[in-house]
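Reader: I have a model open and want to learn how to read it. Could you take me through a few features?

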Amino acid sequence: MAPRRMTEQAFFVLTVLTGGPRHGYGIMQEVDELSDGRVDLKVGTLYGVLDRLVEDGLVEPDRDEVHDGRLRRYYQITDAGGQVLWREAQRHAANARIASDRLRALRPSWEAGGA
């Protein structure tokens, strides 16, 4: 089976989990902060992303805790998840360099925010 293409939501979930185990609500809050609100991660989407990441071995459950009578499941990134995130971050950085170089060559004023 071909590897799945990483979505922006999965990229940010993995990025959040590099800071240590987090529960679902904590992941949602930190994704919102890191993305400056650009990635709007709803509960259903988050758990779909987590299910796929667990299935692919990139994330694993860490522990369960009861908080205010509700069960919280914590997730952590695996070594494989860290490696996949590293490669994805490098791919994004390389793509951004290519686009920036081309834009700079085409119209240097765009870099300074000019028209």
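This is a predicted model: local features need pLDDT of at least 70, side-chain atom pairs count only at pLDDT 80 or more; totals for chains, interfaces and linings use all residues.

Reader: At what angle do helix α1 and helix α2 pack?

Author: First, the terms. Helices (H or I, at least four residues) and strands (E, at least two) are DSSP runs, numbered from the N terminus. Axes are lines fitted to C-alpha atoms, for helices over the stretch in contact, and angles run from 0 to 180 degrees between N-to-C directions. Now the case. Helix α1 spans residues 8-17 and helix α2 residues 24-34; their angle is about 105°, and their axes are 9 Å apart. That makes α1 roughly perpendicular to α2. Angles of 65 to 115 degrees count as roughly perpendicular, under 35 as roughly parallel, over 145 as roughly antiparallel, and the rest as oblique.

Reader: Which residues make the contact?

Author: Contact means heavy atoms within 4.5 Å. From α1 come F12, V13, T15, V16 and L17; from α2 come I27, E30, V31 and L34. Seven of these contact residues are nonpolar, one is polar and one is charged. Here Ala, Val, Leu, Ile, Met, Phe, Trp, Tyr, Cys and Pro count as nonpolar, Asp, Glu, Lys and Arg as charged, and the others, Gly among them, as polar.

Reader: How many residues has the largest nonpolar core?

Author: A nonpolar core is a set of buried Ala, Val, Leu, Ile, Met, Phe, Trp, Tyr and Cys residues joined through side-chain atoms within 4.5 Å. Buried means under 20% relative accessible area, exposed over 50%, partly exposed in between (1.4 Å probe, protein chains only). The largest core here has 22 residues, and V13, L14, I27, V31 and L53 have the most contacts inside it. Two or more residues come from each of α1, α2, α3 (43-55) and β3 (70-77). α1 gives the most, with seven residues.

Reader: Which residues of α2 are buried?

Author: They are G24, G26, I27, M28 and V31. They pack against α1, β1 (22-23), α3 and β3. Take I27: leaving aside neighbours within four places in sequence, I27 is in contact with V13, V16, L17, R22, L46 and L50.

Reader: Where does D36 lie, and is D36 buried or exposed?

Author: D36 lies in the loop between α2 and α3. D36 is exposed, with a relative accessible area of 71%. Its phi is near 55°, a positive value in a residue other than glycine. D68 also needs a look: its phi is positive, about 55°, and D68 is not a glycine. D68 sits in the loop between β2 (59-67) and β3. D68 is exposed, at 72% relative accessible area.

Reader: What is Y74 in contact with?

Author: Y74 is in strand β3 and is buried, with a relative accessible area of 10%. Leaving aside neighbours within four places in sequence, its contacts are P21, R22, H23, E60, P61, D62, R63 and E65.

Technical notes:
Residues are numbered from 1 along each chain as its sequence is written. Side-chain values use heavy atoms; hydrogens and water are left out.
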